[in-house]
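Visitor: I have a model open and would like to learn how to read it. Could you walk me through it?

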Amino acid sequence: MTAETSTLVPSFVVFHVGTRRVALSRDWVSELIASPLLFSFPHTTPLITGVVLRRGRIVPVLDLGPGVLGAPSPATRFFLVVERHLSNSSERCAIPVQGECELLAGIMLPSMRQEEFVTGYLELNEEQIDVLDLEKAIAAGVRSHEEPIHGTEALS
Amino acid sequence: MTQPASSDRMPRDNRRREQVAVFSIAQYSFAISSASIQEIRSTDSLGGTVVELDRPVLRKVRHIVERDARSYYVVSGYEHFHLPPSRPTTVLILRNAPVAVLVDRIEEMAEMRVLLALPQSFRGEERIWYRGLTVLERKVLPVVDPLGFLTTGERQQLEEQNPGLLLTAAVSRHER
């Protein structure tokens, strides 16, 4: 992770969800972890692909792909650990990311995009990088799973 | 019984421990408290009489088995967890519920040292299925809630659609 720190401007973590380069406010992000063992078990919650064990904690893995790309993210070795703010508490989750992440300081500009989970954009080397609202990106992914097809139904 | 700990941190080693049976269905492994199991039998040696439900209102329950003057709803493990069809060879007969669960096989008996709460991000049926998660030999496994195989509502639904069947099965068995 490269750092361009400034105490005057906010920081963002820039990463890839599949082929799309996006950013999250640094305030949401705890750490980047590589190659944790992913444990999966049956459940019915959309977007969760399993859990990882991190320093004695169980961290659910949430794929932003369905909301941000419209498809699940490809398999990866890297996970960004973020802090979700749930109704009464907060919880750490791991987001699968592709390639390297960058930490950069910059001013977020208002976005003209229709996607409600995009709160603004950053300009980096003439590229526009969408800044995500984490909970809205998760909600968009959940909506895309509204009619799940379970394994048994798919095979019957 | 092991008390659920917060999923934030694993407590140290001075907790009460719990014996569990680790079983598998399809490619997944699960732990269940040994205290909640009355018997573990092979499907070939289960014995008793199998009665087909007149109205199988739940996809996962199609039969009742009568044995030793008791009747049990037979719950398909793979249907319960919404998994692809598997090859059950083992039956877990539960102690505190009239339920016999079909699973693929028993992997091992083990000692569970920690029970972690299911993270709040999990919001589906798994909150009924599992008591929490545990770590055995560096693997994270879900710890099944035995009462989650057939909830009170599901049992009521079965009894309403197949009135007296469980009772009739038990009585007819007793009279023989």
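Here the two of them go through confidence, fold, core and interface.

Guide: Gladly! This is a predicted model, in which local features need pLDDT of at least 70 and side-chain atom pairs count only at pLDDT 80 or more, while totals for chains, interfaces and linings use all residues. Residues are numbered from 1 along each chain as its sequence is written, and chains are lettered from A and ligands numbered from 1 in the order in which they are written.

Visitor: What pLDDT does chain B average?

Guide: pLDDT is the predictor's confidence in each residue, from 0 to 100. Chain B averages 88, and 85% of its residues score at least 70. Over residues 172-176 of chain B, the value stays under 50. For the complex, the predictor gives an ipTM of 0.86 and a pTM of 0.85.

Visitor: How many helices and strands has chain B?

Guide: Both are DSSP runs, numbered from the N terminus: helices are H or I with at least four residues, strands E with at least two. Chain B has 4 helices and 11 strands.

Visitor: Which residues have the most contacts inside the largest nonpolar core?

Guide: A nonpolar core is a set of buried Ala, Val, Leu, Ile, Met, Phe, Trp, Tyr and Cys residues joined through C-beta atoms within 7 Å; buried means 20 or more other C-beta atoms within 10 Å of the residue's own. The largest one has 80 residues, with Ala23(A) and Leu80(A) having the most contacts inside it.

Note on methods
Buried ≥ 20, exposed ≤ 12 C-beta atoms within 10 Å, placed from the backbone. Contact = placed C-beta atoms within 7 Å.
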